[in-house]
Amino acid sequence: MFLEKSSKEQKAGWIEVVCGSMFSGKTEELIRRIKRANIAQQQTVIFKPSIDTRYAEEDVVSHDRRAVESIPVNSSEQILLMYGDATVIGIDEAQFFDDELPRVCNQLANRGIRVIVAGLDMDFQGNPFGPIPALLAIAEYVTKVHAICMRCGKLAQFSHRTVSNDKIVMLGETDTYEPLCRECYIAATQEHKPPAR
Ligand code: ZN
């Protein structure tokens with residue numbers, strides 16, 4: 001549970017990270033927290049990397065198409081210049097931001113802002129993704145959300161790419177990725193390997 005920031009007398013903000021695989025509900029959780037802050041009459045804004053152009057240019061849209069207005073930015077530094085009067089800042093698809101993002105989030109939190117960051121914790125190869133590991137280290141609150149394994153129904157934490165392409169920055173769609181548990185991920189990645197001679 002997260003309490004909405006109560007009043008102006010609170011000087012320091014904090015950082016929340018919501019991470020997980022594809023289809024784990026990260027963006028839904030970010031939107032839920034932002035909407036609650038709105039209900040509490042707080043000024044909010046959501047930023048996302050301009051690279052994320054899957055759907056509408058200026059909206060954060062989750063896979064279930066719930067849209068909340070958002071601002072695309074080219075670098076994490078831009079967030080510092082563009083947040084205006086917001087006291088709650090959401091950052092979506094944070095894995096695609098540059099390595100300055102943790103510093104920027106710290107700076108915002110030090111200025112009294114509640115920063116909610118959502119992003120993929122691992123790329124499709126199972127490696128920690130971009131600035132997310134560093135953000136997990138500096139955040140006050142970390143929530144890891146899980147998808148359901150498409151092959152066995154257990155909790156899934158891996159985003160398995162179902163087409164072969166080594167490019168890390170390939171944006172997710174249902175037909176490109178499937179969430180898998182560790183066991184099924186190991187089995188699936190072995191399927192891609194050429195047969196041993
Ligand atoms: Zn499984």
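**Side-chain contacts in a predicted model**

Let me start with a charge and a ring. The charged end of Arg 161 lies over the ring of Phe 124, 3.7 Å from the ring centre. Keep in mind that this is a predicted model.

Next, the aromatic rings. The structure has three aromatic pairs. A pair of rings is described by the distance between centres and the angle between planes. Take Phe 96 and Phe 129. Their ring centres are 5.7 Å apart and their planes stand at 85 degrees, so this pair is edge-to-face. The two residues come from distant parts of the chain, 33 residues apart. Phe 96 is in the loop between strand S6 and helix H3, and Phe 129 is in the loop between S7 and H4. Both Phe 96 and Phe 129 are buried.

Now Phe 158 and Tyr 185. This pair is stacked, with 4.3 Å from centre to centre and 10 degrees between the planes. Again, distant parts of the chain are linked: Phe 158 sits in strand S11, Tyr 185 in helix H5, 27 residues apart. Phe 158 is buried, and Tyr 185 is buried too.

Back to the loop between S7 and H4. Asp 121 is found there. Is Asp 121 buried or exposed? Asp 121 has a relative accessible area of 8%, so it counts as buried. Its side chain makes a polar contact with the side chain of Lys 144, at 3.0 Å. Asp 121 also touches Phe 129, one of a list of neighbours that includes Cys 19, Gly 20 and Ser 21.

On to the salt bridges. Side chains of opposite charge can pair when their charged atoms come close. How many salt bridges does a search of the whole structure find? It finds nine.

One joins Arg 33 to Glu 16, with the closest N and O atoms 3.0 Å apart. Arg 33 is in helix H1 and Glu 16 in strand S1, 17 residues apart. Both Arg 33 and Glu 16 are buried. They also belong to a network of salt bridges with Glu 29, Arg 32 and Arg 114.

Then Glu 100 and Arg 103. Their salt bridge is 2.5 Å, N to O. Glu 100 is partly exposed, at 37% relative accessibility. Arg 103 is partly exposed as well, at 38%.

Last, Arg 151 and Glu 178, which meet in a salt bridge of 2.7 Å. Arg 151 lies in the loop between strands S9 and S10, and Glu 178 in strand S12. Here Arg 151 is partly exposed at 38%, whereas Glu 178 is buried at 14%.

How values were computed. Residues numbered from 1 in each chain as written. Predicted model: local features only at pLDDT ≥ 70, side-chain atom pairs only at ≥ 80, totals over all residues. Heavy atoms only, no water. Helix = DSSP H or I, 4+ residues; strand = E, 2+ residues; numbered from the N terminus. Buried < 20%, exposed > 50% of the residue type's maximum accessible area, 1.4 Å probe, protein only. Polar contact = N/O pair within 3.5 Å; in protein donor to acceptor, adjacent residues only side chain to side chain. Contact = heavy atoms within 4.5 Å. Phe/Tyr/Trp six-rings, centres within 6.5 Å; stacked < 30°, edge-to-face > 60°. Lys NZ or Arg CZ within 6 Å of the ring centre and 35° of its normal. Salt bridge = Lys/Arg side-chain N within 4 Å of Asp/Glu carboxyl O. Lists of a residue's contacts leave out its neighbours within four places in sequence.
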